[in-house]
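The paragraphs below walk through one predicted model, from a helix and the strands beside it to aromatic pairs and a few single residues. Keep the sequence and the structure in view while reading.

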Amino acid sequence: MISFKQLPLEAKAAVAAGVVVFSMMISRTYLAERLELRTWRWLLRLQMTLFANVLMMIGSLHIWRSTVAIFYQSSAANSFCFRPWKIIVLTFLVLAHSSFFTLLFLVAEEPYIFSLAAYTCLGAYIILIFFLFTLGSVEQAYKFLAGSGVKTISVSKSSKLAMKPVLAVMATVALTTVGLLNAAQPPAINLVEIPVHKLPSSMDSLKVVLLSDIHLGPTVGKTKLAMIVKMVKALKPDITVIVGDLTDSEVTAIRPAVEPLGELSSPLGTYFVTGNHEYYTSDVSNWFELLKSFNIRPLHNENVKIRSPRKSDDWFCLAGVDDIEADVLHYSGHGMDLKKALSDCSADRAIVLLAHQPIAAKWALQDRPDINLVLSGHTHGGQIFPLNAGAYLMNPFFVGLYKVGQSTFVYVSPGTMYFGVPMRLGSRAEITEIILRSS
């Protein structure tokens with residue numbers, strides 16, 4: 001029987017991840033009702049952070065072996081540059097691993113430089129893992145062809161050792177630079193016209209500004225939010241909606257950074273629904289109270305009648321549902337309840353639904369095909385390469401406008417900022433300016 005000491009490091013990391021998952025299950029079952037709420041939610045977030053880090057250990061071991069340990073038996077190990085290189089790789093990995101801990105310990109009005117550096121390394125870590133894996137696969141294919149007798153190019157042993165890590169690192173540095181520059185740009189203003197069945201003619205050309213996935217936290221602070229609010233005000237919307245993932249932190253940790261939201265002012269109101277990250281903070285009630293103080297109304301499985309500025313008898317139903325992550329986390333008093341959210345919404349009137357995740361939009365339309373428009377976020381358009389493909393495959397609607405059936409539309413925002421990693425590759429942050437058309 002193999003002992004734990006005899007297991008390879010990757011297997012030990014996998015076992016550690018399993019132990020953390022088991023501890024989360026035990027905590028949820030036996031400690032949730034016995035600990036003070038603040039202590040319980042901090043413990044849950046710590047466990048999630050530890051889980052992410054032990055999984056990352058597998059990737060970190062691969063990076064270390066592919067970029068450092070591979071040279072130990074070669075002449076490169078005796079070169080002047082090898083020791084600084086080891087320090088650079090080790091520092092890079094430590095920063096990448098520490099990124100998740102900044103959510104617990106380094107959140108303030110503006111991002112700390114350490115947090116920005118740590119999350120930048122996390123983004124580069126994801127890209128580097130991808131290229132090492134891809135180039136490794138190419139290398140194995142090359143060896144297979146060489147073994148099968150196919151004529152291949154002769155390359156020296158030292159060149160072979162250096163080729164994969166050098167190419168992977170060069171590609172990672174280039175894409176990280178591009179991603180950082182892309183994310184540093186203000187969000188694009190994307191103008192979209194959407195026909196809404198049963199929308200009164202007096203409400204034709206009504207302007208809705210859609211925000212999503214701002215992620216106030218370790219790498220997004222007051223300055224970024226103030227820029228977003230300024231851009232929204234310049235658009236002069238009739239309605240402003242925020243479809244979840246406004247924050248990654250508790251109210252007490254980030255209260256000063258949220259103040260620019262108080263400047264949002266739309267004639268027909270500003271509305272908010274929760275995303276999965278609001279539930280990760282375990283502080284939803286306090287966020288609701290803070291948003292209300294800014295005249296931003298949370299739609300907690302509820303709806304409002306949006307009346308025409310020209311004709312008070314004309315209106316449509318704007319509804320919002322809690323994010324489905326509340327059900328997964330068994331968050332007390334929360335969870336997607338479409339029936340409750342659409343109560344009093346007449347079938348003779350247009351219905352616009354706010355639902356953070358595209359999968360929730362799909363479920364809502366399966367249950368209530370009379371919904372005319374669903375506004376969602378969550379996907380970030382994948383945010384960075386190579387995560388774009390995964391986000392595309394995991395969501396029924398990815399980014400942009402979709403027509404479902406004869407008269408229903410779904411719009412998925414790619415996000416107004418970014419989560420953690422201050423990079424955008426293969427996606428662009430946006431503020432969506434939606435013009436509703438009566439049809």
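Helix H7 covers residues 222-235, which makes 14 residues, and spans 20 Å from its first C-alpha to its last, close to the 20 Å expected at 1.5 Å a residue. The expected span is 1.5 Å times one less than the number of residues in the helix. Helices (H or I, at least four residues) and strands (E, at least two) are DSSP runs, numbered from the N terminus. This is a predicted model, in which local features need pLDDT of at least 70 and side-chain atom pairs count only at pLDDT 80 or more, while totals for chains, interfaces and linings use all residues. Residues are numbered from 1 along each chain as its sequence is written, and side-chain values use heavy atoms, with hydrogens and water left out.

Leu225, Ile228, Val229, Met231, Val232 and Leu235 of H7 are buried. Buried here means under 20% relative accessible area, exposed means over 50%, and partly exposed is what lies in between (1.4 Å probe, protein chains only). Seen down the axis of H7, the buried residues fall within an arc of 160°, so they line one face of the helix. The arc is taken from the directions that run from the helix axis to the C-beta atoms. An α-helix has 3.6 residues a turn, so residues three or four places apart point the same way. Thr223, Lys230 and Ala234 are exposed on the other side of H7. Just after the helix, Lys236 takes a positive phi of about 50°.

What do the buried residues of H7 pack against? Their partners are strands E1 (188-196), E2 (206-211), E3 (239-243) and E12 (430-438), where contact means heavy atoms within 4.5 Å.

Of these strands, E2 has six of its six residues buried, so it is largely enclosed by the rest of the structure. In a regular strand the side chains alternate between the two faces of the sheet. In E2, Leu206, Val208 and Leu210 are buried on one side, and Lys207, Val209 and Leu211 are buried on the other, so that both faces are covered. E2 pairs with E12 in the antiparallel sense over five bridges, and Val208 stands opposite Ile434 in E12. With E3, the pairing of E2 is parallel and runs over four bridges; there Leu211 stands opposite Ile242. Two strands count as paired if DSSP finds at least two bridges between them.

The loop between E1 and E2 holds Lys198 and Ser205. Phi of Lys198 is near 75°, a positive value in a residue other than glycine. Ser205 is not a glycine either, yet has a positive phi of about 75°. Lys198 is partly exposed, with a relative accessible area of 26%, and Ser205 is partly exposed at 35%.

The next topic is the aromatic rings. The structure holds seven aromatic pairs. Rings of Phe, Tyr and Trp (its six-membered ring) pair if their centres lie within 6.5 Å; planes under 30 degrees apart count as stacked, over 60 as edge-to-face and the rest as tilted. Phe130 and Phe131 form an edge-to-face pair, 5.3 Å centre to centre with 75° between the planes. Phe130 is partly exposed at 28% relative accessible area, whereas Phe131 is buried at 17%. Another edge-to-face pair is that of Phe272 and Phe288, with 6.5 Å between centres and 85° between the planes. This pair links distant parts of the chain, with Phe272 in strand E4 and Phe288 in helix H10 (residues 284-293), 16 residues apart. Phe272 counts as buried at 2% relative accessibility, and Phe288 is buried at 9%.

Phe130, Phe131 and Phe385 form one aromatic cluster. A cis peptide bond joins Phe385 to Pro386, with omega about 10°. Pro386 is in the loop between strand E9 (373-376) and helix H14 (387-394).

One further ring has a charge over it: Lys305 lies over the face of Trp315, at 4.6 Å from the ring centre. The criterion is NZ of Lys or CZ of Arg within 6 Å of the ring centre and within 35 degrees of the ring normal.

Arg255 counts as partly exposed at 32% relative accessibility. Not counting residues up to four places away in sequence, Arg255 touches Leu290 and Phe294. The C-alpha atoms of Arg255 and Glu109 are separated by 7.5 Å, although the two residues are 146 residues apart along the chain.
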